[in-house]
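Me: I would like to learn how to read the features of a protein model one at a time, beginning with the general idea and then turning to the case at hand. Could you take me through it?

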Amino acid sequence: MKLVLAAGLVAAVAAGAWFFLVRPSDDGGHGITVGALEDSVKWPDPKMADDRVEFASRAGFNALNVTTAWTQGQTEPDPGELKVLRNVANAAEKRKIQLLVTVYAARPRFAPTTAEQQGQYADFMATLARDLPSLDGFAVWNEPNLNGFWLSQYDSSGKDIAAPAYESLLARTYDSLKAVSSKIKVYGGNLAPRGFDNAESPRPTHAPTTFIRDMGQAYRSSGRTKPIMDVFALHPYQTRSAIPPSQAHTGTSLGFGDYDKLVSLLGEAFDGTGQAGSKLPIAYTEFGVQSTIPESAQEPYTNLQSPLGRDAVSEETQADYYKQAFELAACQPTVIAVYIFHLFDEADLNRWQSGPYYTDTRPKTSLDAIASAAKKARDGKLADCS
């Protein structure tokens, strides 16, 4: 029997130690958390929230990630939104499902770039943590390397200003959350897998490789000696659903197949500082494979002729690719989790049909295979990494 420090990577953090459980495995893999990013579990009716969360259990998942919106000036959640989040938290706790909450603004121009705004955001997160003590962790923003979520990416001279501002936000939020409880896990990065490092582009973005390096430089320049995150999160989408998750990238993109490159980048950015780098736990918090909607299930869907809807594979391939993703993660020593996007399809084929359930909650033929792979991955019995 092998003891794999992978999922059990002991991440004792200076500002309050917490630990990942070591899960032994006979086959060389390690146990990982398997979940879904799914906002449709958020309901004001506790029973509806409970029923929706149950679908995650049926899919073999032991984690959920939901999002909530923040806006400039806000230091505490709206009471109605808090009630909805509490319903999800209660349902998740009942089923021993980990709950991660990702907080970002509805518009990229509302990204907190000033000290005052970052203080407001950090206060908001701390209030959420106090109000929802059963939560497992908080993800700080969503894809800050894209202009669709964070403005601005560059200054007038073409210099990266997004990564330094985001690093500062992480530091403030980390301190605020740890003041509530040292057990809270702070997820940083949450990066999109691609970007183009072109300040002159109509839609300026940063490659994740560049963003990680610039985060590290900002951290080192700040003189901070405490961490800014407990987990590094990445969204390892391929450019098309037909591309298997194992396919690596030769350029600046990052996916499941680029684990060694990612670990090296984190080491370059943070090793030798107060922030873990090459040994920092990694979570793949958003990954989806779209499946074709059969004619018999199309009635509740819209925009059936959408070209985005044609970026899809068979339900059998969807299940196989999700299994491959779990296997890859289980063989990557510092990876602790994979979250599927979504649990349920979105009804509009201009959006995403990547869940193990159709939009009306009926199971796809891929469900049983996904659930079986998920349960084995959680137990460290899916992958043979030898």
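Reply: What follows is a walk through a pocket, a helix pair, some loop residues and a few backbone details, all in a predicted model.

Me: Let us start with the pocket: what is the volume of the largest pocket, and how many residues line it?

Reply: A pocket is read from its volume and from the residues around it. Here the largest pocket has a volume of about 1100 Å³, and its lining is made up of 42 residues, among which E143, F149, Y237, E286 and W352 lie nearest the centre.

Me: Which strand gives the most to that lining, and how do its residues divide by class?

Reply: Strand β7 gives the most, with three residues, while β2 (63-69), β3 (98-104) and β7 (282-287) each supply at least two. By class, the lining holds 15 nonpolar, 17 polar and 10 charged residues.

Me: Turning to helix packing, at what angle do the axes of α3 and α4 cross, and is the crossing left-handed or right-handed?

Reply: A helix pair is described by the approach of the axes, the angle between them and the hand of the crossing. The axes of α3 (residues 115-131) and α4 (residues 162-180) come within 8 Å and cross at roughly 35°, and the crossing of α3 past α4 is right-handed. On the α3 side the contact is made by A115, Q118, G119, Y121, A122, M125, A126, A129 and R130, and on the α4 side by A165, S168, L169, R172, T173, S176, L177 and V180. Sorted by class, the residues of this contact comprise 10 nonpolar, five polar and two charged.

Me: Where is I293 found, and which residues is it in contact with?

Reply: I293 belongs to the loop between β7 and α7 (315-330), and with 8% relative accessibility I293 is likewise classed as buried. Leaving out neighbours within four places in sequence, the contacts of I293 are with Q298, Y301, D345, Q353 and Y358. As a distance to check in the coordinates, the C-alpha atoms of I293 and L349 are separated by 9.4 Å, and these two residues are 56 residues apart along the chain.

Me: Is P356 buried or exposed, and what does it touch?

Reply: P356, in the loop between β8 and α8, is buried, with a relative accessible area of 1%. Not counting residues up to four places away in sequence, P356 touches A59, H342, L343, P363, K364, S366, L367 and I370.

Me: For the backbone, which peptide bonds are cis, to take L151 to S152 and F341 to H342 as the cases?

Reply: The torsion omega is the value to inspect. The bond joining L151 and S152 is cis, with omega about 5°, and S152 is in the loop between β4 (137-140) and α4. The bond from F341 to H342 is also cis, with omega near 15°, and H342 is in the loop between β8 (335-340) and α8 (367-379).

How values were computed
Residues numbered from 1 in each chain as written. Predicted model: local features only at pLDDT ≥ 70, side-chain atom pairs only at ≥ 80, totals over all residues. Heavy atoms only, no water. 1 Å grid on protein atoms, 1.4 Å probe; cavity = no way out; pocket = protein on both sides within 12 Å on 5 of 7 lines; lining within 4 Å. Points joined across faces, edges and corners; volume = space filled by probe spheres on them. Helix = DSSP H or I, 4+ residues; strand = E, 2+ residues; numbered from the N terminus. Nonpolar A, V, L, I, M, F, W, Y, C, P; charged D, E, K, R; others polar. Axes fitted to C-alpha atoms, helices over the stretch in contact; angles between N-to-C directions. Left-handed = near helix turned anticlockwise from the far one by under 90°. Contact = heavy atoms within 4.5 Å. Buried < 20%, exposed > 50% of the residue type's maximum accessible area, 1.4 Å probe, protein only.
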